[in-house]
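Welcome! Here is a short tour for anyone meeting this structure for the first time. Take a look at the sequence and the model, and then read on.

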Amino acid sequence: MVDDMDLQLIDILKENSRLSFADLGRKVNLSPSAVRERVQKLEELEVIEKYSIQLDNKKLGNDIEAFILLKVFPGQLKHVLDKINDFKEIKEAHRITGSQNIHLKVVVKNQICLQELLDQLMVFSDTNTFLILSKV
């Protein structure tokens, strides 16, 4: 399956997924073609699911990042799960265990936008909101 060399490549790709196969190979002492084969294998096995970018939301004009916990009203869970993708402010959504059902990470422009989002979510759930102050 996945060996130590694959794990090294994964660690490097987590830091910078735009490196060329040649650059990756130099870091782990493999040829570019060997690196390409390993990365393609990891993609085929779906160990690597996708490549993405990390954005600075403040530079995009979004000053507030928050976690919102939803306690969905009885009978509303399927409806909520279907609606989650309709909210552009929701960047991550997870079903969770415990007294709440869903954990959201949201990014909004300001407090008014956060309030508007919460008003929309409160139609089908109780909410508990936590502002993100900084990454640790």
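Predicted model: local features only at pLDDT ≥ 70, side-chain atom pairs only at ≥ 80, totals over all residues.

## A meeting point in the sheet

Residues are numbered from 1 along each chain as its sequence is written, and side-chain values use heavy atoms, with hydrogens and water left out.

Helices (H or I, at least four residues) and strands (E, at least two) are DSSP runs, numbered from the N terminus. Two strands are said to pair if DSSP finds at least two bridges between them. Strand 2 and strand 3 run antiparallel and are joined by 5 bridges. They form a hairpin with 6 residues between them, and Gly-98 in the turn has a positive phi of about 110°.

## Strands side by side

Ile-102 in strand 3 also stands opposite Leu-70. Strand 1 (residues 64-72) pairs with strand 3 in the antiparallel sense, over 7 bridges. Strand 1 is also joined to strand 4 by 7 bridges, and these two run antiparallel. There, Ala-66 has Leu-131 in strand 4 as its bridge partner.

How enclosed is strand 3? Of its 7 residues, 6 are buried, so strand 3 is largely enclosed by the rest of the structure. Buried means under 20% relative accessible area, exposed means over 50%, and partly exposed lies in between (1.4 Å probe, protein chains only).

Strand 4 (residues 125-131) includes Ser-125. Is Ser-125 buried or exposed? With a relative accessible area of 1%, Ser-125 is buried. A polar atom of its side chain lies 3.1 Å from the backbone oxygen of Leu-121. Contact here means heavy atoms within 4.5 Å. Neighbours within four places in sequence aside, Ser-125 is in contact with Leu-70, Lys-71, Val-72 and Phe-73.

Leu-77 has its place in helix 4 (residues 77-83), and its relative accessible area of 24% makes it partly exposed. Leu-77 and Ser-125 are 48 residues apart along the chain, and 9.1 Å separates their C-alpha atoms. Leaving aside neighbours within four places in sequence, Leu-77 is in contact with Val-72, Arg-95, Asn-101 and Ile-102.

## Among the helices

Which residues does Asp-6 contact, leaving aside its neighbours within four places in sequence? They are Met-1, Arg-38, Lys-41 and Leu-42. Asp-6 lies in helix 1 and is buried, with a relative accessible area of 0%.

Ala-34 is found in helix 3 (residues 32-44) and is partly exposed at 23% relative accessibility. Ala-34 and Phe-21 are 13 residues apart in sequence, and their C-alpha atoms are 8.6 Å apart in space.

## Two loop residues to look for

Most residues other than glycine have a negative phi. Asn-29 is not a glycine, yet has a positive phi of about 60°. Asn-29 lies in the loop between helix 2 (21-28) and helix 3, and is exposed, with a relative accessible area of 70%.

Glu-46 is not a glycine either, and has a positive phi of about 65°. The loop between helix 3 and strand 1 holds Glu-46, which counts as exposed at 59% relative accessibility.

## The largest pocket

The largest pocket has a volume of about 1,200 Å³. Of the 29 residues that line it, the closest to its centre are Ser-52, Ile-53, Gln-54, Leu-55 and Glu-92. On a 1 Å grid over the protein atoms alone, a pocket is an open set of points where a 1.4 Å probe fits, with protein on both sides within 12 Å along at least five of seven lines; lining residues have an atom within 4 Å of a point. Grid points are joined across faces, edges and corners, and the volume is the space filled by probe spheres set on the points.

Helix 1 (4-15), strand 2 (90-95) and strand 3 (102-108) are the elements that give two or more residues to this lining. Helix 1 provides the largest share, 4 residues. The lining divides into 10 nonpolar, 7 polar and 12 charged residues. Here Ala, Val, Leu, Ile, Met, Phe, Trp, Tyr, Cys and Pro count as nonpolar, Asp, Glu, Lys and Arg as charged, and the others, Gly among them, as polar.

How values were computed:
Polar contact = N/O pair within 3.5 Å; in protein donor to acceptor, adjacent residues only side chain to side chain.
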